[in-house]
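The following report describes the secondary-structure packing of one protein chain. The sequence and the model are shown first.

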Amino acid sequence: MLGVGVIGTGMIGQDHIRRMSRVVSGARVVALTDTDTAVAGEVAAGVGAAVHATGEDVIADPRVDAVVVCSWGPSHEQYVLASIAAGKPVFCEKPLATTQQACLRIVEAEVAHGSRLVQVGFMRRYDAAYRSLRAVTAGGEIGAALMMHCAHRNPMVPGYYEKESAIVDTAVHEIDMVRWMFGQEIAAARVLVPRRSRNGGDLQDPLLLILETAGGVLVDVEISVNIRYGYDIRGEVVGEHGTATLAEPVPVTVRRAGFVATPVPADWRERFVTAYDTEFQEWIDALADGGRTVGPSAWDGYAAAAVCDAGVAALHTGDRVPVALADQPKLYRGAEVTP
Ligand code: NAD
Ligand code: ISE
């Protein structure tokens, strides 16, 4: 049984603790921490885990075989570096870190360690609908991929959400998904700005992020974060001979009074519940199978951060901004990626 220590017990921290305690097998949450000590105490009592004062104490706990980081983004670098220094596998929620320089420091630390310890929480790679879309796209059924249309719609976002968050907090999922979907790096980003939604307050909402892959696939991502009606994630790949569309998560269809209706998920927890479950089960199984970490890597976290930086620059300038990536270390080349 893998002993897991969790740093950050807010929304997603609690959700991952629930899944490690009640849904997936092979792991037990043995220690946790949160700067909000009251929340940490309550969550720990629910699963019989020890509460520590700091993330570093969690990492140092000898019962902790692997670490899960779910604290706020700016604290991720510190805890991921501390986990690498301790030689412990670490699952870090997105973003890996909030700047590409910080992500590179993590990459360098992992390369110096000599083997992979870090996995980033890009859960779309574990979603059944995205996996099917990727299999069809890669299988050549629709010919060579030319374009992809995406929408990432949130019903609302928290008060601390800023102008740049639409890219670094929200579209970062599409940025990773596109690299994985087409097996190509993203070469440049642009942002187009329509008139503002009155639901978005001072935010520029929505935005259209345009990504160009190194192989010439053009991807448009609508980012709407105050759409009100639900949490709606869409994707369609356009190929030479046909198109492939991301399946809708539809548990029931109601026909009534001249309409056909299907429910829309309320939030990311509902939409991606099974993707998160699969993500954790595969992480735990890979660690049990000889301590390997095979999911989205520190390099993936770094590459996503570099594209986010280009997207933010494009948002501020209105220009097409090329993405500059460091040389990829051997550790990540030809790495096994999730199917
Ligand atoms: P949240 O605000 O609900 O929870 C964050 C928690 O971290 C809070 O309880 C806070 O007190 C704690 N915290 C902050 N700094 C800390 C520190 N230095 N040490 C220990 N605890 C600290 O936020 P959330 O929605 O749970 O998001 C947490 C992380 O998960 C973010 O990085 C976010 O981007 C990511 N996230 C990912 C997904 C996904 O779909 N993969 C969804 C939501 C959130
Ligand atoms: C949140 O942090 C997530 O990661 C969700 O998946 C995303 O949809 C949302 O916009 C983010 O704020």
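## Sheets, helices and selected contacts

Strand 8 and strand 15 (residues 321-322) run antiparallel and are joined by 2 bridges. Strands pair here if DSSP finds at least two bridges between them; helices (H or I, at least four residues) and strands (E, at least two) are DSSP runs, numbered from the N terminus. This is a predicted model, in which local features need pLDDT of at least 70 and side-chain atom pairs count only at pLDDT 80 or more, whereas totals for chains, interfaces and linings use all residues. Residues are numbered from 1 along each chain as its sequence is written, chains are lettered from A and ligands numbered from 1 in the order in which they are written, and side-chain values use heavy atoms, with hydrogens and water left out.

Strand 8 (residues 186-192) and strand 9 (residues 207-213) are antiparallel, with 6 bridges. These strands belong to an open sheet of 7 strands with mixed pairing, in the order 12-11-7-10-9-8-15. Strand 12 and strand 15 each have a single partner strand, so one side of each is left without a neighbour in the sheet. Helix 7 (residues 165-182) lies across strands 7, 8, 9, 10 and 11. Contact means heavy atoms within 4.5 Å, and angles run from 0 to 180 degrees between N-to-C directions, with axes fitted to C-alpha atoms, for helices over the stretch in contact.

A second open sheet has 6 strands in the order 3-2-1-4-5-6, with parallel pairing. Its edge strands, strand 3 (50-51) and strand 6 (118-120), pair on one side only. Strand 1 (residues 2-7) and strand 2 (residues 27-33) are parallel over 6 bridges, and Gly-5 faces Ala-31 of strand 2. Helix 2 touches strand 2 and strand 3, while helix 4 touches strand 1, strand 4, strand 5 and strand 6.

| Helix | Strand | Angle between directions |
|---|---|---|
| Helix 2 (residues 37-47) | Strand 2 | about 160° |
| Helix 4 (residues 76-85) | Strand 5 (90-92) | about 165° |
| Helix 7 (residues 165-182) | Strand 7 (145-153) | about 150° |

Helix 1 (residues 11-22) packs against helix 9 (residues 273-288) at about 65°, with the axes 10 Å apart. Helix 1 contributes Ile-12, His-16, Arg-18, Arg-19 and Met-20 to this contact, and helix 9 contributes Val-273, Tyr-276, Asp-277, Glu-279 and Phe-280.

Phe-280 also takes part in an aromatic pair. The whole structure holds 7 such pairs, defined by ring centres of Phe, Tyr and Trp (its six-membered ring) within 6.5 Å, with planes under 30 degrees apart counted as stacked, over 60 as edge-to-face and the rest as tilted. Phe-91 and Phe-280 form a tilted pair, 4.6 Å centre to centre with 45° between the planes. Phe-91 lies in strand 5 and Phe-280 in helix 9, 189 residues apart.

Glu-240 is located in the loop between strand 11 (232-239) and strand 12 (243-245). Beyond its neighbours within four places in sequence, Glu-240 is in contact with Ile-142, Gly-143, Ala-144 and Leu-146. The C-alpha atoms of Glu-240 and Ile-142 are 6.2 Å apart, although 98 residues separate the two in sequence. A polar atom of the Glu-240 side chain lies 2.7 Å from the backbone nitrogen of Ala-144.

Technical notes
A polar contact is a pair of N or O atoms within 3.5 Å; within protein, one must be able to donate a hydrogen and the other to accept it, and residues adjacent in sequence count only if both atoms are side-chain atoms.
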